[in-house]
Amino acid sequence: MSATEAVEIRVFDDAEQVARATAARFVELADLSLRERGNFSVALSGGSTPRRVYELLAADFGERVRWPSVEIFFGDERCVPPEHRDSNYRMADEALLSRVPLSPASVHRMACEDDADEGARRYEQQLRAYFKDQEWPRFDLVMLGMGEDGHTASLFPYTRALGEQQAWVVANRVEHLEALRLTLTVPAINHARHVLFNVVGAGKAERLREVLQGARDPERLPAQLIRPTTGRLAWFLDRAAAEKL
């Protein structure tokens with residue numbers, strides 16, 4: 001929910017239930033957005049956790065979404081070619097995008113394999129063209145995960161992107177990974193109508209407790225920065241991840 005309201009936290013028995021609840025929420029929000037505005041804009045997350053969500057959306061839940069009216073963006077991306085095994089786009093394409101009737105023009109890949117700064121500039125241009133004259137993008141849904149270090153999207157601890165307050169998209173160097181990533185900035189995420197975290201696994205339990213219940217330390221725990229300005233925030237967790245809450 002908004003920065004001044006309670007956050008929705010739901011705990012499920014296992015990762016499969018988290019995935020099914022997330023897919024159901026995706027369908028619910030898509031239906032709401034399509035009825036209210038005629039389209040549904042979503043920023044997908046990468047990594048391993050959301051793959052099952054995408055598989056469910058393509059299969060069990062697929063016929064419940066009006067895919068031609070869905071606009072697909074990404075919250076972050078590794079600066080690798082789209083066919084690379086580490087590509088968030090490749091994972092989403094294999095699990096979901098290639099399996100549902102989306103218009104190719106409605107899928108907006110983050111392309112940064114050649115020049116990260118230029119890729120960030122081009123992606124922000126795409127977002128500004130879609131969201132037209134808005135000060136910040138107004139995604140209907142931003143899907144996020146959280147790493148064991150407390151990062152989300154490619155907003156890693158102690159990196160320059162955490163303090164960005166003007167750009168919508170930036171290239172972010174992650175020194176300890178020797179990697180360059182593209183990521184939505186904190187304000188770009190926080191202006192979404194809905195932000196939904198998926199966190200599963202016992203390995204994230206202590207960090208999750210710190211993020212949700214510990215002292216505020218966003219440089220070390222970037223997930224704490226995600227506090228929608230007027231939108232709603234939800235955390236869908238499995239019991240292993242939530243065991244220390």
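**Disulfide**

I counted one disulfide by the rule that a pair of cysteine sulfur atoms lies within 2.5 Å. The bond joins C79 to C112, with S to S at 2.4 Å. I read -110° about the S-S bond, so the link of C79 and C112 is left-handed. C79 sits in the loop between β4 (76-78) and α3 (88-95), and C112 in the loop between α3 and α4 (116-131), so the pair ties together parts 33 residues apart in sequence. My helices (H or I, at least four residues) and strands (E, at least two) are DSSP runs, numbered from the N terminus.

**Ground rules**

I am working on a predicted model, where local features need pLDDT of at least 70 and side-chain atom pairs pLDDT 80 or more, while totals for chains, interfaces and linings use all residues. Residues are numbered from 1 along each chain as its sequence is written, and side-chain values use heavy atoms, leaving out hydrogens and water.

Buried here means under 20% relative accessible area, exposed over 50%, partly exposed in between (1.4 Å probe, protein chains only). The core has 80 residues, of which Y54, L57 and W235 touch the most other members. Helix α1 (residues 15-37) gives the largest share of this core, nine residues.

**W235**

Which residues does W235 touch? Leaving aside residues up to four places away in sequence, I found contacts (heavy atoms within 4.5 Å) to V7, E8, I9, R10, M146, F197, V199, L208, V211, L212 and A223.

Definitions and conventions. Core = buried A, V, L, I, M, F, W, Y, C linked by side-chain atoms within 4.5 Å.
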